[in-house]
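Me: Please take me through this model. I will ask what each label rests on.

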Amino acid sequence: MIESPTTQLPPAPPEDVSPDASRMRTIRSFVLRTGRTTAGQARAFADAGPKFLLPYSAAPLDVQAAFGRVAPTILEIGFGMGEATAQIAALLPEKNFLCCEVHTPGVGALLKRIGEQGLENIRILQHDAVQVLDHMLAPGSLDGAHIFFPDPWHKKKHNKRRLIQAPLVSKLAARLKTGGYLHCATDWQPYAEQILEVLKAEPLLKNTADSADGYAAKPDYRPLTKFENRGIKLGHGVWDVVFERV
């Protein structure tokens, strides 16, 4: 990992050692992966980090203070290298994007994009999104939530590690305003089927799709990433699932 001469990059989030740590580990929004931070990403931490990185705190987040305005707020869980996040934020400047990611190179990459594109409507929490939901976001505080291409955990014995399961969906649904939405996308059909099943079972949510299979057309705001375009050219499918808080 490359560090700025004046700013030390934030460490990966530590394991929770609180009394409910064992319960928290049953739902976790990430898997730590190794990765090298570039010099440009390190500079972005130094230059943009003080404004766009929010500290985790086990206390309700003042969204208005964090963004400096009142605006519809969308939570994104796991933005990877931030390519789609930056494109969506640029397309929808009237909305706030609160983004959770633990992977340091990914956070650095999004900070770099923020600086390069002059984006003002993104704030980043480099922390487990489950704890953010539990401690920082009040019920009915979100206008939407995005989970794009979460790890599919292809092997059947690993399916239990998938992010989108009933406990997390219940937390998300409770924090959506009436009419708020949860948008998930995956390029792995078995996971798409599981997502659809889990969201259908959540009583606070209803499907917005009118298709026979229950999948939504790709919303205009979600861009096609390079990875997704490559998959489409190889004949791979992509499934969007969009549910609304009732």
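**Labels and their cut-offs**

Me: What makes Ala 48 count as buried?
Reply: Its relative accessible area is 10%. Buried means under 20%, exposed means over 50%, and partly exposed lies in between, with a 1.4 Å probe and protein chains only. Ala 48 falls under the buried limit, so the label is buried. A word on sources: this is a predicted model, in which local features need pLDDT of at least 70 and side-chain atom pairs count only at pLDDT 80 or more, while totals for chains, interfaces and linings use all residues. Residues are numbered from 1 along each chain as its sequence is written, and side-chain values use heavy atoms, without hydrogens and water.

Me: Where is Ala 48, and which residues is it in contact with, leaving aside neighbours within four places in sequence?
Reply: Ala 48 sits in helix α2. Helices are DSSP runs of H or I with at least four residues, strands are runs of E with at least two, and both are numbered from the N terminus. Contact means heavy atoms within 4.5 Å. With those neighbours set aside, Ala 48 is in contact with Leu 53 and Leu 111. Its C-alpha is 9.9 Å from that of Leu 110, 62 residues away in sequence.

Me: Why is α2 called roughly perpendicular to α5?
Reply: Look at the angle. α2 (residues 39–52) and α5 (residues 104–117) pack at about 70°, with axes 8 Å apart. Roughly perpendicular covers 65 to 115 degrees; under 35 is roughly parallel, over 145 roughly antiparallel, and the rest oblique. The angle falls inside the perpendicular range, which makes α2 roughly perpendicular to α5. The axes are lines fitted to C-alpha atoms over the stretch in contact, and angles run from 0 to 180 degrees between N-to-C directions.

Me: Which residues of α2 and α5 meet?
Reply: α2 brings Gly 40, Gln 41, Ala 44, Phe 45, Ala 48, Gly 49 and Phe 52. α5 answers with Thr 104, Pro 105, Val 107, Gly 108, Ala 109, Leu 111, Lys 112 and Ile 114. They divide into 9 nonpolar, 5 polar and 1 charged. Here Ala, Val, Leu, Ile, Met, Phe, Trp, Tyr, Cys and Pro are nonpolar, Asp, Glu, Lys and Arg are charged, and the others, Gly among them, are polar.

Me: Why is Lys 206 called partly exposed?
Reply: Its relative accessibility is 42%. Lys 206 lies in strand β7 (residues 205–207). Beyond four places in sequence, its contacts are Val 242, Phe 243, Glu 244 and Val 246. The C-alpha atoms of Lys 206 and Val 246 are 6.6 Å apart, across 40 residues of chain.

Me: What label does Glu 244 get, and why?
Reply: Partly exposed, because its relative accessibility is 25%. Glu 244 is in strand β8 (residues 239–245). Not counting residues up to four places away, it touches Gly 179, Gly 180, Tyr 181, Leu 204, Leu 205, Lys 206 and Thr 208.

Me: What is the phi of Phe 149?
Reply: Positive, about 55°, although Phe 149 is not a glycine. Most residues other than glycine have a negative phi. Phe 149 is in the loop between β5 (142–148) and α7 (166–175). Its relative accessible area is 26%, so it is partly exposed.

Me: Which residues touch the most other members of the largest nonpolar core?
Reply: Leu 75, Ile 147, Ile 164, Leu 172, Leu 182 and Leu 199, out of 39 residues. Helix α8 (residues 189–200) gives the largest share, 6 residues. A nonpolar core is a set of buried Ala, Val, Leu, Ile, Met, Phe, Trp, Tyr and Cys residues joined through side-chain atoms within 4.5 Å. Beyond four places in sequence, Ile 147 touches residues including Ile 77, Leu 163 and Leu 168. Another core, of 25 residues, lies apart; Ile 74, Phe 79, Ala 89 and Phe 148 are among them.

Me: How many helices and strands does the protein chain have, and what share of its residues is buried?
Reply: It has 9 helices and 8 strands. Buried residues make up 49% of the 246.
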